[in-house]
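Dear colleague,

Please find below the structure that I am handing over to you.

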Amino acid sequence: MASSSLKESERTVYLHPLVILNISDHFTRSLSFDRNRKNRKVYGALFGVQSGLTAHIYDSFELIYDPANNALDMDHLNTKRNQYSQVFPDYELLGWYATGQDPSEADMIFHKKICEVNESPLFLMFDPNVSAGTKELPVSLYESVLHMINEVPTMIFVLIDYKIETAER
């Protein structure tokens, strides 16, 4: 589903540690409802500021999604977007997150749903199943690009680089 190497993206993306903590907390709380850790998947929205091709992802919130019916609760998403805009008027929906190891077809279906409210969303994948000796953050960031595959325009995920932003805004 995704390219195995980093794309030389024109975007510069800064990720605030709060987002990683929020996703980890979201996943951990979801385990109280479903102990099957390997198959548990959570979804959420990424919020921050974008100026030109530079994006700062500062915050996130949980989304309500039923993958069996491909149903994203748009009322919930729009309510949360409105609440954020009242407190942080310069924040916008920059993309979404999910837990897992590698992007799947199901992730692309969800991504296309998010494209209805943001034409070029970022996708952050958080891997909750890391080994004890792992030294890298279990976070991968993707953008979607259109490629011609068998003469058909096809959207694919491409891995892009990000930087951890530790300064307060």
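The mean pLDDT over the protein is 88, and 91% of the residues score at least 70; please bear in mind that this is a predicted model. Among the secondary-structure elements, confidence is highest in strand β7 (residues 122–126), with a mean of 97, and lowest in strand β4 (residues 65–66), where the mean is 88. Where pLDDT is low, the predicted coordinates should not be read in detail.

As to the fold, the protein contains three helices and ten strands. Read from the N terminus, the order of these elements is β-α-β-β-β-β-α-β-α-β-β-β-β. The radius of gyration is 16 Å, close to the 15 Å given by the globule rule for 169 residues, so the protein is as compact as a globular protein of that length. The C-alpha trace spans about 45 × 40 × 35 Å along its principal axes. Of the 169 residues, 40% count as buried. Among contacts between residues at least 6 apart in sequence, 65% join residues at least 24 apart.

I would also draw your attention to the largest pocket, which holds about 220 Å³ of space. It is lined by 13 residues, of which H26, R40, V42, E62 and L63 are the closest to its centre. Helix α1 (residues 17–30) supplies the largest share of this lining, namely three residues.

Yours sincerely

Methods:
Residues numbered from 1 in each chain as written. Predicted model: local features only at pLDDT ≥ 70, side-chain atom pairs only at ≥ 80, totals over all residues. Heavy atoms only, no water. 1 Å grid on protein atoms, 1.4 Å probe; cavity = no way out; pocket = protein on both sides within 12 Å on 5 of 7 lines; lining within 4 Å. Points joined across faces, edges and corners; volume = space filled by probe spheres on them. Helix = DSSP H or I, 4+ residues; strand = E, 2+ residues; numbered from the N terminus. pLDDT = per-residue confidence, 0-100. Rg over C-alpha atoms; globule rule 2.2 N^0.38 Å. Buried < 20%, exposed > 50% of the residue type's maximum accessible area, 1.4 Å probe, protein only. Contact = heavy atoms within 4.5 Å.
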